[in-house]
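Morning, everyone. Let me put the model up, and then we can go through it.

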Amino acid sequence: MNFGVLPLPNINNITVVGSGIMGHGIAQISAMNGYDVILRDIEERFLDSAMNKIRWSLDKLVEKNKINKQQSDKIYGRIKPIVDLKDALVDTDLLIEAVPEDLILKKKVYSEVDQFAQESTIYSSNTSTLPISEISQLTSRPERFIGLHFFNPPQLMKLVEVIPGARTDNSIVDVGINFVKSLGKDPILCNKDVPGFIVNRIFIPLVHEAAYCLESDGKSMTQIDSSVKFKMFLPMGIFELADYTGLDVIYKATVEMYSRDKKVVNPHPKIEELFSSGKYGKKSGDGFYSYGDKNYERIPLSEEEAKQYDPIRILSVAINNAAWLISNNVCTKEDVELALKLGMGIKKDLFEIGKEFGYEKIINTLNQLQERNGSFYAPDPYLKSFSA
Ligand code: 3HC
């Protein structure tokens with residue numbers, strides 16, 4: 001069975017290191033597209049939980065007639081959970097590292113991987129915010145190293161950002177792009193190795209901005225979330241999405257991005273507070289909202305509640321960071337729009353939504369925020385072309 005193009009001729013065996021939300025999903029879609037996959041984690045119990053999630057997801061796909069039961073069993077059988085790293089790397093053509101966002105941890109993982117991987121193995125990282133050039137320098141093969149950034153849930157989101165590091169060989173960029181296509185996903189090349197790449201440069205600051213709005217605007221979380229869903233056309237509210245992604249992921253991404261570039265996000269203390277108290281969102285049962293123990297849960301949001309709030313401040317920050325990406329040649333306007341559609345499920349072009357709200361209003365909002373809160377909010381020069 002193959003949902004993508006075809007497995008790449010030189011890549012048969014994949015090892016995914018790290019079996020969390022992203023790792024298990026990447027293992028699953030690789031197996032769904034014909035690859036033999038080893039899923040590696042440091043303890044059996046993490047792998048058991050990952051395999052249960054894969055089984056749940058495959059059952060959902062059977063329920064929806066996307067695959068049949070026989071195919072589901074075959075896919076499941078293609079994924080081998082292994083704890084021993086040496087065994088996990090014996091025959092690997094492509095390593096996909098998906099361990100938590102911590103450079104010290106990644107350094108440890110790559111120094112171990114380097115002991116056992118074959119010379120021909122290509123390394124890739126699903127890092128969401130750490131610079132590919134920095135991680136690749138921790139390995140024996142920066143030329144054969146590429147960023148492949150998937151989106152949650154990897155089983156459903158079509159986007160993969162492909163990020164070359166400073167020393168990545170062009171042939172490896174091609175392999176990365178073709179591998180993504182072979183998974184039936186859409187690669188978007190990130191021309192510069194900037195903090196947050198494309199989508200997280202927009203998504204992470206939005207969570208913080210929504211927290212400022214919650215603090216200052218006297219509205220409830222579901223009112224703000226409903227306005228984001230029904231007026232900004234995101235499939236989830238922003239607090240809902242933060243919980244779904246994980247406050248641990250968002251907090252670590254914030255720290256990494258902010259330490260490298262103060263212009264990328266205006267951190268709100270609520271994120272650190274939730275992280276420090278173990279409220280990671282859906283996965284821990286508590287975050288902005290509280291959850292039961294179902295695999296997948298949604299927050300009820302409504303058009304009625306959306307009428308109670310104008311998300312102009314949240315929208316303005318999203319558009320300003322999108323404009324920054326274009327001004328700085330990280331990607332084109334078309335790529336930003338496509339990335340937001342495929343990576344975050346946004347149902348309309350962001351700059352079109354901006355037009356409906358009015359660019360004069362957006363620039364005024366940013367100017368006021370800049371006066372009160374500093375240069376993070378300074379309107380990007382690219383926006384001026386919209387208000388002219
Ligand atoms: N596998 C299979 N099925 C799944 C699934 C999975 N992993 N996850 C959810 N589903 C199923 C649900 O159970 C549901 O089934 P049901 O109809 O039987 O209840 C079905 O998919 C559809 O779910 P919804 O009714 O909730 O419908 P949506 O149309 O809203 O689709 C969604 C769900 C695709 C998750 C959509 O809400 C979405 O796109 N949300 C935004 C996700 C996003 O922004 N991701 C990126 C975050 S940033 C990131 O990942 C980067 C990182 O570096 C931080």
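This is a predicted model: local features need pLDDT of at least 70, side-chain atom pairs count only at pLDDT 80 or more; totals for chains, interfaces and linings use all residues.

By class, how many nonpolar, polar and charged residues does the lining of the largest cavity have? The largest has a volume of about 50 Å³. Its lining is made up of Ile202, Leu206, Met232, Leu234, Ala318, Leu340, Met344, Ile346 and Leu350. Two elements give two or more residues each to that lining: H8 and helix H15 (333-344). So, the count by class: 9 nonpolar, no polar and no charged residues.

Now the second largest cavity. Its volume is also given as about 50 Å³. Glu240, Tyr244, Lys282, Tyr291, Tyr296 and Glu297 line it. Here the classes come out as 3 nonpolar, no polar and 3 charged residues.

Next, helix H12, residues 269-276. Which of its sides is buried? Look at Ile271, Leu274 and Phe275, which are buried. They sit on the same side of H12, because they cover an arc of only 100° around the axis. An α-helix has 3.6 residues a turn, so residues three or four places apart point the same way.

What do the buried residues of H12 pack against? Two helices: H8 (199-216) and H11 (247-260). Turn to the face of H12 away from the buried side, and you find the exposed residues Pro269 and Ser276.

Just after H12, glycine 278 takes a positive phi of about 75°. That's my tour; over to you.

Note on methods: Residues are numbered from 1 along each chain as its sequence is written. Side-chain values use heavy atoms; hydrogens and water are left out. Buried means under 20% relative accessible area, exposed over 50%, partly exposed in between (1.4 Å probe, protein chains only). Helices (H or I, at least four residues) and strands (E, at least two) are DSSP runs, numbered from the N terminus. The arc is that of the directions from the helix axis to the C-beta atoms. Contact means heavy atoms within 4.5 Å. On a 1 Å grid over the protein atoms alone, a cavity is a set of points where a 1.4 Å probe fits but cannot get out, and a pocket is an open set with protein on both sides within 12 Å along at least five of seven lines; lining residues have an atom within 4 Å of a point. Grid points are joined across faces, edges and corners, and a volume is the space filled by probe spheres set on the points. Ala, Val, Leu, Ile, Met, Phe, Trp, Tyr, Cys and Pro count as nonpolar, Asp, Glu, Lys and Arg as charged, and the others, Gly among them, as polar.
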